[in-house]
Amino acid sequence: MNIKQFIFYNLIVLVMLVVSRFLSLPFDEATSDLGNLLWFPIGAAILSYLLFGFKVFPGVLLGYIIAEMIIEGGVLDITQREVLKRTASALAPVISIGIMRMFTLSNFFDDEKINPGHIVFLIFLSAIISTLLKALLIDNQLPDLDSYITTYLIGDMIGGMIFIYMGIKVFTTFFAKKKLI
């Protein structure tokens, strides 16, 4: 892959992440102690890795961080905690795909058709890993950790499924031709 293609893919992913974050904005909770009811960015991150492979990690991470900077009002308004949470969100699908590869569950395409069972499992595993990374490593001092974990899991799972379903409908021909994972 050449540098132009690398930059192009990462820009597509960055835009996809920013747009997905803004689509989730109406579902934001008043405090960060609870997760969003629908968190589309995890679906955008998973779809990015399925479309383009792991080489788009920089676009995924920058998309998360740029969206938060825009929402929060600037670079100075984004906290270190938010950067860590977005990094965990960007890494969760990569870790999930790695785990699925270890157990030979990463066949996302069967005979030129999308394997929905493996993709749904990837969404659930990514949501679990993302939530646990945030809950146990970043936000572990919260008074109501059970509600935090529950809302983050549900928002990630539902938002991820909705976004990937919409993305598959949009990128069907691309999926049929490319098998990047």
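Predicted model: local features only at pLDDT ≥ 70, side-chain atom pairs only at ≥ 80, totals over all residues.
Me: What makes Glu-68 and Arg-21 a salt bridge?
Reply: The closest N and O atoms of Glu-68 and Arg-21 are 2.6 Å apart. The cut-off is 4 Å between a side-chain nitrogen of Lys or Arg and a carboxyl oxygen of Asp or Glu, so the pair qualifies. Glu-68 belongs to helix H3 (residues 57-72) and Arg-21 to helix H1 (residues 3-24), and the two are 47 residues apart. Both Glu-68 and Arg-21 are buried.

Me: Why is the pair of Glu-68 and Arg-86 also called a salt bridge?
Reply: For Glu-68 and Arg-86 the closest N and O atoms lie 3.5 Å apart, and the limit is 4 Å, so the pair is counted. Glu-68 and Arg-86 are both buried.

Me: How do you know that Glu-82 and Arg-86 form a salt bridge, and where do they lie?
Reply: Their closest N and O atoms are 2.8 Å apart; the pair therefore meets the criterion of being within 4 Å. Glu-82 and Arg-86 both sit in helix H4, four residues apart, about one turn of the helix. Salt bridges with shared partners join Arg-21, Glu-68, Glu-82 and Arg-86 into one network. The search of the whole structure finds three salt bridges.

Me: Why is Phe-27 called partly exposed?
Reply: Phe-27 has a relative accessibility of 29%.

Me: What makes Phe-27 and Phe-40 an aromatic pair, and why is the pair called edge-to-face?
Reply: The ring centres of Phe-27 and Phe-40 are 6.3 Å apart, and the limit is 6.5 Å, so the rings pair. Their planes make an angle of 80 degrees; over 60 counts as edge-to-face, so that label applies. Phe-27 lies in the loop between H1 and H2 and Phe-40 in helix H2, so the pair ties together parts 13 residues apart in sequence. The structure has five aromatic pairs by this rule, and Phe-8, Tyr-9 and Phe-52 form one aromatic cluster.

Me: How do you know that the length of helix H5 agrees with its number of residues?
Reply: Helix H5 (residues 116-138) has 23 residues, which at 1.5 Å a residue should span 33 Å. The end C-alpha atoms of H5 are 32 Å apart, so the two values agree. Among the buried residues of H5 are Ile-119, Leu-122 and Ile-129. The cover over the buried residues of H5 includes helix H2 (40-52), H4, strand S2 (113-114) and helix H6 (145-170).

Me: Which helices supply the nonpolar patch?
Reply: H5 and H6 each supply at least two residues of the nonpolar patch. This surface patch is about 1000 Å², and its residues include Val-120, Phe-124, Ile-158 and Met-166. Phe-124 is in helix H5.

Definitions and conventions. Residues numbered from 1 in each chain as written. Heavy atoms only, no water. Buried < 20%, exposed > 50% of the residue type's maximum accessible area, 1.4 Å probe, protein only. Expected span 1.5 Å × (residues − 1). Contact = heavy atoms within 4.5 Å. Patch = residues over 30% accessible without salt bridge, like charges linked within 9 Å, V, L, I, M, F, W, Y side chains within 5 Å. Areas by Shrake-Rupley, 256 points an atom, 1.4 Å probe, with all protein chains shown as cover. Phe/Tyr/Trp six-rings, centres within 6.5 Å; stacked < 30°, edge-to-face > 60°.
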